[in-house]
Amino acid sequence: MNIKKRFLACAIAVAVTGAGLPYYNKNISGDAEITASASTTVLSESQLEYEKFADYVQITKVKDYLYGNIEFPSTIEGLPVKVIGEEGNIYGIARPYNPNLKNIKIPNTVTTILEYTFVNCYNLEFVEIPSSVVEIGDYAFAGGSKLPSVDIPETGEDMTIGKAAFAGCTTLSSITIPDRVTDMGGGCLAGCTNLQYVTLSNTMTKLYDESRSDTSVLSSYGSKFGFFENCTSLKNIKFPDSIASIDERAFTGCTNLSKITIGANLTELGNLKLDLESLTEINVSNDNSSYSSDNGVLMNKNKTSLIRYPKANGNTEYAIPESVTSIESGAFSDCTNLTKVTVPEGVAKISSNTFKNCTRLKKIIIKNADCNIYSNPETIYKDAVIVGYKDSPVQEYADTYSRTFIDIEEELATATTTVSDIPAVETTTTTVSGNTYSLGDVNRDGFINASDSSCILAYYAYMSAGGTQSLEEYLELQSD
């Protein structure tokens, strides 16, 4: 890799990981003040460098020192302009004047926008992409930090978009990828920190191209950007049924992502990171053959394996479904809202880090007498009371790490205490119309208990049905 590419690689890494920083120094074009022209400059042949082919022209460079709004010509020397950009030119078509460009109009003769063509146009506010375009190259609009939206026409031939094509467009708030787009490269929207709404194409089968990502100028630095990496405003993403594979770093740094919906054909998650601090639910299409969701908790298809409990799920208590027989390692790690978890009888093993850093977990009930717990103090958070069977592997784990242990038979006996086991409360009395009653004693038996609640509910139902008697009259009628 040459020095120029190393420099650009480092600069892009800063742009995507730093909240909205430009790819490299804004003074690259000199000290001249950047202003925008109110009119549009239609570029002439003399202002351009280009290459002629048998049946088309490729524009490779804008020569003049331009500001504001530009429009590329549709023909040069009688031939249609079909390609804009230059292979291997990592500085863009108008360098060093890229930052001066504010609005760009591309004619409907163009089919290809090559890699890096409009890189670092960080004052770019609008670009018109015609339906004739079928290819947008790698990093083509990367660093367009003032670009608020991207309009890709729905009509036209099949289209591909290269890796990091819109990376670092920090003002971009929404984007719709039409169905004519069949492929998008890795890190395509990485670092779009204002991106909130995304609609993906129903014809794409993956969210990155591994071969292209591996040959990225960034790979030498160990940085292979995920598709939505550091999209810090993204809250909800729904994958169309066509998506079958996702980059494992797709959501790295998505600090506000709360809801993910997995489509029908995404049957292999691999190492996709779903341990996001903000994630409240993971939903799955009913047509997915490998995965399912139970109230936002990710499981395998037949719900025998619990894969991931969302960290930000707001429930404080969770009873793992009786169908579950295995729990993935780390499935509940860092779930700081949970205070009580019940593990069903079918689970025979609790793997490493399963309840690691569940800092509010106060009690875990393990119903399987033979359940083995991975021998590590972080498997279950240190403050949790462990409830299980005496002389079992569960008690052995509790004793090994000096945890409070309660016999499950005592716990279950306490949990099944009925209302009749709870002493009634004697109360003071009051006299109404010559009759003496205990306060709250509706049925006049001298106590306040569940029977009084039943009387009140019955009277409420009576009145709702059109009854006209007073409570006193109603109770006398019932006693007769």
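## Helix, loops and charged pairs in a predicted model

Ile456 belongs to helix H5, which covers residues 450-464. The structure described here is a predicted model. With a relative accessible area of 47%, Ile456 is partly exposed. Ile456 and Leu471 are separated by 15 residues in sequence, and their C-alpha atoms are 8.8 Å apart in space.

**Salt bridges**

A search of the whole structure finds 13 salt bridges.

| Acidic residue | Basic residue | N to O distance |
| Glu77 | Lys52 | 2.8 Å |
| Asp138 | Lys163 | 2.8 Å |
| Glu277 | Lys311 | 3.0 Å |

In the salt bridge between Glu77 and Lys52, Glu77 lies in the loop between strands S5 (75-76) and S6 (79-84) while Lys52 lies in strand S2, so the pair ties together parts that are 25 residues apart in sequence. Glu77 is partly exposed at 44% relative accessibility, and Lys52 is partly exposed with a relative accessible area of 44%.

The side chains of Asp138 and Lys163 also meet in a salt bridge. Asp138 is in the loop between strands S10 (135-136) and S11 (149-150), and Lys163 is in the loop between strands S12 (159-161) and S13 (174-176); the pair therefore joins parts 25 residues apart in sequence. Asp138 counts as buried at 18% relative accessibility, and Lys163 counts as buried at 9%.

Glu277 and Lys311 form a further salt bridge. This pair links distant parts of the chain, 34 residues apart: Glu277 is in the loop between S17 and strand S18 (281-284), and Lys311 is in the loop between strands S21 (305-308) and S22 (317-319). Glu277 is exposed at 58% relative accessibility, whereas Lys311 is buried, with a relative accessible area of 6%. Together with Asp334, these two residues are linked in a network of salt bridges.

**A negative patch**

Glu49, Glu51, Glu86 and Glu87 form a negative surface patch. Of these residues, Glu51 is found in strand S2, residues 48-52, and is partly exposed with a relative accessible area of 40%.

**Residues in loops**

Most residues other than glycine have a negative phi. Asn295, however, has a positive phi near 55°. Asn295 lies in the loop between strands S19 (291-294) and S20 (297-300) and is exposed at 72% relative accessibility. Ser402 also has a positive phi, near 55°. Ser402 is located in the loop between helix H3 (393-400) and strand S29 (405-407), and is exposed with a relative accessible area of 68%.

Ser242 occupies the loop between strands S16 (236-238) and S17 (259-262). Ser242 is buried, with a relative accessible area of 18%. A polar atom of the Ser242 side chain lies 2.6 Å from the backbone oxygen of Met204.

Conventions: Residues are numbered from 1 along each chain as its sequence is written. This is a predicted model: local features need pLDDT of at least 70, side-chain atom pairs count only at pLDDT 80 or more; totals for chains, interfaces and linings use all residues. Side-chain values use heavy atoms; hydrogens and water are left out. Patches are made of residues with over 30% relative accessible area and no salt bridge: like charges are joined within 9 Å, nonpolar side chains (Val, Leu, Ile, Met, Phe, Trp, Tyr) within 5 Å. Accessible areas come from the Shrake-Rupley method with a 1.4 Å probe; for residues, only the protein chains shown count as cover. A salt bridge is a side-chain nitrogen of Lys or Arg within 4 Å of a carboxyl oxygen of Asp or Glu. Lys and Arg count as positive and Asp and Glu as negative; His and the chain ends are not counted. The place of a charge is taken as NZ of Lys, CZ of Arg, CG of Asp or CD of Glu. Helices (H or I, at least four residues) and strands (E, at least two) are DSSP runs, numbered from the N terminus. Buried means under 20% relative accessible area, exposed over 50%, partly exposed in between (1.4 Å probe, protein chains only). A polar contact is a pair of N or O atoms within 3.5 Å; within protein, one must be able to donate a hydrogen and the other to accept it, and residues adjacent in sequence count only if both atoms are side-chain atoms.
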